[in-house]
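Have a look at the sequence and the fold first, and then we'll go through the details together.

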Amino acid sequence: MPYGAREGARPRPGIETIDFSPTPPWTAALLTSLAGLCVGSFLNVVIDRLPIMLRRQWRMHALETLNIEPPPASRFNLATPRSHCPVCGSVVKALHNVPVLSWMVLRGRCAKCGSPIPVRLPAVELAGAALAIAAIALWGFQWIALAYYVFLMVLLASALIDAETTLLPDQLTLPLLWLGLLAATAFEATPTLFDAMAGAVTGYLSLWLVYWAFRLVTRREGMGYGDFKLMAAIGAWLGWQTVPAVILVAAVLGLVYAVVRILRRRATRGTPIPFGPFLAVAATAALFASTRGITFVIVP
């Protein structure tokens, strides 16, 4: 039970008591895996295209601010244009767009030009399936499982976008924050609404204070505002009690990663390192630890 759920408390009215229709275990596992693979495939589209969409939007706004007529641009969103090879531009056929299976059949290369297909694509699809099975295994066929699955998927997308672009889009972090507060009002197996709101405020202010302390001492920016918003969302989903531990675990992971990169001479002390992926890993660990009865908090 995630931290914040009260043992023996009267269930709050909501949709958490509505179960999905019972299905045989193997059928449930198969359907869950297929759905998770499809979600992972869509997540790849979000990871690839959302940063490009934002950059195009920012450029257009900048031109409008300067009273410069934006040049005509082709339509670009999550659905258009169709999936294509970034090297040769050939459109990916439906037969070659089956999650994981197509990548294996094509041996990780474009069907037309033979360019390598990033391993990240099938990895995210498999992660979508694995986390879907984990959610069903832990919370059953209930709406709370779907809620936590959405939380995990947005964390995954945010982490990978941050890792590739050092950007944490508001289009992901802010909806995740509001969904966490809504989940706290609907489900018993979540923090209370007070704990969720306190978690959002504590999560944001904790990193905000670290940011300004680092800036006053070094006169440099140590992290972006997207990290504050992601931590606020995590606090809303997990409660204020877990915020110090999540930040501590994320900081340790980030430090280990930075030291390894420096020792391997792939980075220097001044090389910026995205913090979002470590926050996502720490939050995921906190969520799963809470389901095993482990209190993921720092006790003074």
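Which helix gives the most to the nonpolar patch? That would be α4, with 3 residues. The patch covers about 410 Å² and is made by W143, L146, V150, L179 and L182. The elements that give two or more residues to it are α4 and α5 (170-186). Patches like this are made of residues with over 30% relative accessible area and no salt bridge, where like charges are joined within 9 Å and nonpolar side chains (Val, Leu, Ile, Met, Phe, Trp, Tyr) within 5 Å. One of the α4 members, L146, is partly exposed, with a relative accessible area of 40%. Here, buried means under 20% relative accessible area, exposed means over 50%, and partly exposed is in between (1.4 Å probe, protein chains only).

Before going on, a word on what you're looking at. This is a predicted model, in which local features need pLDDT of at least 70 and side-chain atom pairs count only at pLDDT 80 or more, while totals for chains, interfaces and linings use all residues. Residues are numbered from 1 along each chain as its sequence is written, and side-chain values use heavy atoms, with hydrogens and water left out.

**The overall picture**

The chain has 9 helices and 0 strands; both are DSSP runs numbered from the N terminus, with helices being H or I of at least four residues and strands E of at least two. Of its 300 residues, 41% count as buried. Take the contacts (heavy atoms within 4.5 Å) with a separation of 6 or more: 72% of them are between residues 24 or more positions apart. The accessible surface, from the Shrake-Rupley method with a 1.4 Å probe, comes to about 17200 Å², and 67% of that belongs to carbon and sulfur atoms.

Back to α4, which runs over residues 143-165.

**Charged pairs**

How many salt bridges does the structure hold? There are 4, each one a side-chain nitrogen of Lys or Arg within 4 Å of a carboxyl oxygen of Asp or Glu. Here are some of them:

| Pair | N to O distance |
|---|---|
| D48 and R120 | 2.5 Å |
| E164 and R120 | 3.1 Å |
| R215 and E221 | 3.6 Å |

Salt bridges that share partners join D48, R120 and E164 into one network. D48 lies in helix α1 (residues 25-65) and R120 in helix α3 (residues 120-139), so their bridge ties together parts that are 72 residues apart in sequence. R120 is buried, at 18% relative accessibility, whereas D48 is partly exposed at 36% and E164 is partly exposed at 46%. In the R215 pair, R215 is partly exposed at 32%, while E221 counts as exposed at 53%.

The structure holds 0 disulfides, a disulfide being a pair of cysteine sulfur atoms within 2.5 Å. C85 has its nearest cysteine sulfur, that of C88, 3.7 Å away. C85 is buried, with a relative accessible area of 8%, and C110 is buried at 14%.

Methods:
Expected span 1.5 Å × (residues − 1).
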